[in-house]
Amino acid sequence: MRKMLLAALSRVLQGPAAARTGAVSEVAQVVVASRTYADFASEATFEIKKCDLHRLEEGPPVTAVLTREEGLHYYKTMQTIRRMELKADQLYKQKIIRGFCHLYDGQEACCVGLEAAINPTDHLITAYRAHGYTFTRGTPVREILAELTGRKGGCAKGKGGSMHMYAKNFYGGNGIVGAQVPLGAGIALACKYFGKDEICVTLYGDGAANQGQVFETYNMAALWKLPCIFICENNRYGMGTSVERAAASTDYYKRGDYIPGLRVDGMDLLCVREATKFAAEHCRSGKGPILMELQTYRYHGHSMSDPGISYRTREEIQEVRSKSDPITLLKDRMVNNNLASVEELKEIDVEVRKEIEEAAQFATTDPEPPLEELSSHIYCNEPPFEVRGPNQWIRYKSAC
Amino acid sequence: MADWCHLSQGGHMPTQQPVSNGGGGGFLWWISLTKGYSCGALPPAPHLPSGFILIFFGLAWLICCLPAPCTHHMRCTGWHVLHVTTVTQIQDEVFSPLSGGVRLLVLDCRGGRRLLWRGPALCLELELMPPPVTCPQNPALLPSPGGGGVTCVISRLPPSRSAAACAMLGGGRDHLFAPPRRRGGAGVLQARRGQPGVRKMAASCWARRGRALCRLFLGPRPGLPPSARPRSLPLPLPGWRLLRGAAALRGTSAVKIFMPALSPTMEEGNIVKWLKKEGEAVNAGDALCEIETDKAVVTMESNDDGVLAKIMMEEGSKNVRLGTLIALLVEEGQDWKQVEIPADIGGDLPSQAPQASVPPPTPGGPVIPAPSKMEPLPGKLQIRLSPAARNILETHGLDPSNETSSGPRGIFTKEDALRLLQQQQKSKTTELKPMVSPASPQPSAVPLAPQAATVSSAYPRPAIPPIPTAGHLGVPGTFTEVPASNIRRVIAKRLTESKTTVPHAYATADCELDAILKLRKELAKDNIKVSVNDFIIKATAVTIKQMPDVNVTWDGEGPRQLQSIDISIAVATDRGLITPIIRDAAAKGVQEIAASAKALAKKARDGKLLPEEYQGGSFSISNLGMFGISGFIAVINPPQACILAVGRARPELKIVEDEEGNEKLQQHQLMTMTLSSDEFTLLHCPLSFP
């Protein structure tokens, strides 16, 4: 209540000066004396790390402009993803979430930066580490958590789980390592075929980058000049193997050979955003696919059964956390350049925490889908038909 | 009456004496609603015994009896009680004359069964959440639109102390209730109406001999313009004031850390060591504590930044069930010493989990009542049963709560009961058909709260009265109960299983050690230190390589031949026996074997073995020679097929012939080895090799 009022007041006070000299109630004066939101800068320019280029003359710019609104939005989104993943971890360890679960914490800058640079009408497909993208593509937290706990209110109606979440223009988590890459090229082909000014962002990990189908896809995408951004999220470990032990060449941005590539600092949201804007422009101008390597890091183990410290040291993780955490980086930038105050960001944290708590509450109390749902949603527009159950005498009715 | 409905202003000492007339009982009930909500309608009026106060929150009934001892029932018609906090520890002078407080009993009224809290309290904070869906029993009671709930605080304090208490509670005092005058027959409780701008409610209750009449005030009080409020106060927003009152009572709110499932099969764990102290700063990813699961000691990491405020489970706590609160974390900068300790140690997540896993009956589908025995539940008191109906219901274990009564004045008649019975039988038959049936009946006996830690182990101990005491030593029948670690339990279980299900066959032989001892001496000259056991490992591995038939395990259906020769060596540790594995021992040199055996044995003693370092293996060796055991028989370590028991080396005289054929006595070092082998796997299922 109070926060809403403060926010409204700050908006009023940022407006024309007339409003300031006008009749401001006593209440507002008291508030303004303690909180001076009006003093914040509206935007700031930051130098970002230069990207490594492959077969490109010119790369993305080395400076980026961040406005206050954008900054707050990015901060909140990243913080929400972080807290959501930590909640998922907690629920998993309470045995409320079962089965597969791959957490995204540490890599938030990638999905938030990507989403900031593409249009909502553009397409995105990723692998099984999909919670962050599901959120940035517009699914509320409660639906994601309810999907993880397998409840009716989940975004895939409780039938998909961690690896199978979908949203508008988001083609999901895919369970098979690397199999989403050809699918992504197919989506890009559809964009080209229908002549829309849309692109497809196809993501895969450093482990999947060694898959054969990825190279087949490179070939066809380059041959047909598909508007596809291939993005390798290199978090330095594929399952339990470090990239150096798994790949003959760890320059993933050069792996496309004839496809131009960029190597981007995936822990810096602005860097990801600028590079993606550049890559999207490249695709939209009809030059064919482009490859991006986002150098990032995951804090959790590969999946929930991996404690994450048997192939890397705890010190290594702590160093990344303390030196290049994407959220801390953005926070420091905003605070140091007077885009936001520490208290304000703290308030966002509290708000996010509350939202997650409520979502978790929903995800643990929502009912499980009824048994009839088992056979529904097999095809999208078929008349109902019988589906065989676990034995031939049990039949279910399919429904759309 | 409005005199004692004083409202203190935010953060300031009340200038007036707030309460002068505390009512007949001499105590005040202090109630604060700290969060707004809206409520659709009144729940049905309860049947009240005389001499009780009824405090009505629009969603919960609290029937409180004065003076202690008393019983409190709460009937909450579909609302969840999310959280109960007792504040017995408000230690100040304010409450000290009341040590002990009043006894309260709080029941979760949704199921009507779960005891949330009982015991003495001066303050009780209830956080009530609306049901996620409209309550089936009372459809008029709507979920609040914002999804939020209500927090209310109930406390008891003497009128003489109330001013000081008000100051301490930071002005969160919204509703002051006086207990009923018992003599006068009608104790009147009245509450301050809601401040403008805040949706909240005050309740006014009249408790009369055996009857209750409740009136509900909703929404803002008309006719009080905002300008009527004093202007000089820095915090004029009522919502803020309300919340502050609760915060002062609550202490620093904390992040709860629960016992995690660190392995998929873990149900309970032991806390081996806390790596952080109370008051120490914790960063996300830092190691918090070491937890012994059913398999190994695993480090638990923190997910949050903050300060470790309170360790709820000390080092050495055994059999801590999953989901138990083990520690509290507060944010950095907050006073960790003032952390709020939740009353429900079991944590709210696990207690919700079993509820959550029970899907509510699908609307419209046949209702399959849980086959539970009838209990007089507080939520069911309002259903009046005719004697014949009661008999039928009790005989068949039916639940009448979802049925409509057709008798006069809402009496549930025999016809109703018979109809219900018929319905139930019908639904049972449909259930038997293999067609889709909605939500299978859940056993209602699901333990709602985590069970007592000691009774739930997979390997139950005999129920003998425990605990010997000093001074009674020597009395027949006394013993000391030693707590068994998870590892020991697993060992006991596995060995029993092995000895009873695997047909053991034994073969013993004496082996000459002279050559090995000689070689060992020579190696020692080159500063290569290897033990006799390392030679035995090497020799065994090489032998297995020559006889691959032995390198098999039994997987429950048939023998499996293994490709690599992995020798398990039995290591005795403080925690029990564990068998770390020397992988591919045949390919390793003796020195390499010695090095890895040493490293593994050390890790095993420290309890730091990783699961892959002790799971699997094809052949075990147990050597007790160093303890002077001349020979013994070992129990097979399933699913392996063999175990070799090695005794000590002993000198023996033997007659040998030299080159010229003369017999002479010579000393030999002999060692007794006994091979226990799985008769079935090795002999009766011979493998055929291509």
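Author: In this predicted model, helix 6 of chain B covers residues 486–501, and its 16 residues reach 22 Å from the first C-alpha to the last. That value is close to the 22 Å expected at 1.5 Å a residue. The buried residues of helix 6 of chain B are Asn486(B), Ile487(B), Arg489(B), Ile491(B) and Ser498(B). These buried residues pack against four strands of chain B: strand 15 (268–274), strand 17 (287–292), strand 24 (504–512) and strand 29 (576–578).

The same check of length can be applied to helix 7 of chain B, residues 514–525. Its twelve residues should span 16 Å at 1.5 Å a residue, and the end C-alpha atoms lie 17 Å apart, which agrees. Just after helix 7 of chain B comes Asn527(B), which takes a positive phi of about 65 degrees.

Of its 690 residues, 44% count as buried. Among the contacts in chain B between residues at least 6 apart in sequence, 64% join residues at least 24 apart. Asp335(B) is found between strand 21 (325–330) and helix 3 (348–357) of chain B. With a relative accessibility of 40%, Asp335(B) counts as partly exposed, because that class lies between the limits of 20% and 50%. Asp335(B) is 28 residues from Val307(B) in sequence, and their C-alpha atoms are 9.2 Å apart in space.

Helix 4 (residues 68–93) and helix 7 (residues 141–148) of chain A have axes that come within 11 Å and cross at roughly 25 degrees. Angles under 35 degrees count as roughly parallel, and these two helices of chain A are therefore roughly parallel to each other. Helix 4 of chain A passes helix 7 of chain A in a right-handed crossing. From helix 4 of chain A, the contact is made by Thr80(A), Met84(A), Lys87(A) and Ala88(A); from helix 7 of chain A, by Val141(A), Ile144(A), Leu145(A) and Leu148(A). The residues of this contact divide into six nonpolar, one polar and one charged.

Helix 7 of chain A also packs with helix 14 (residues 342–365) of chain A, at an angle of about 40 degrees and with the axes 8 Å apart. Helix 7 and helix 14 of chain A are therefore oblique to each other. Here too the crossing is right-handed, as helix 7 of chain A passes helix 14 of chain A. Helix 7 of chain A contributes Val141(A), Arg142(A), Leu145(A) and Ala146(A) to the contact, while helix 14 of chain A contributes Glu355(A), Ile356(A), Ala359(A), Ala360(A), Phe362(A) and Ala363(A). The residues of that contact divide into eight nonpolar, no polar and two charged.

Leaving aside residues up to four places away in sequence, Gln79(A) touches Ile327(A), Asp349(A) and Val352(A).

Notes
Residues numbered from 1 in each chain as written. Chains lettered and ligands numbered in written order. Predicted model: local features only at pLDDT ≥ 70, side-chain atom pairs only at ≥ 80, totals over all residues. Heavy atoms only, no water. Expected span 1.5 Å × (residues − 1). Axes fitted to C-alpha atoms, helices over the stretch in contact; angles between N-to-C directions. Parallel < 35°, antiparallel > 145°, perpendicular 65-115°, else oblique. Left-handed = near helix turned anticlockwise from the far one by under 90°. Contact = heavy atoms within 4.5 Å. Nonpolar A, V, L, I, M, F, W, Y, C, P; charged D, E, K, R; others polar. Buried < 20%, exposed > 50% of the residue type's maximum accessible area, 1.4 Å probe, protein only.
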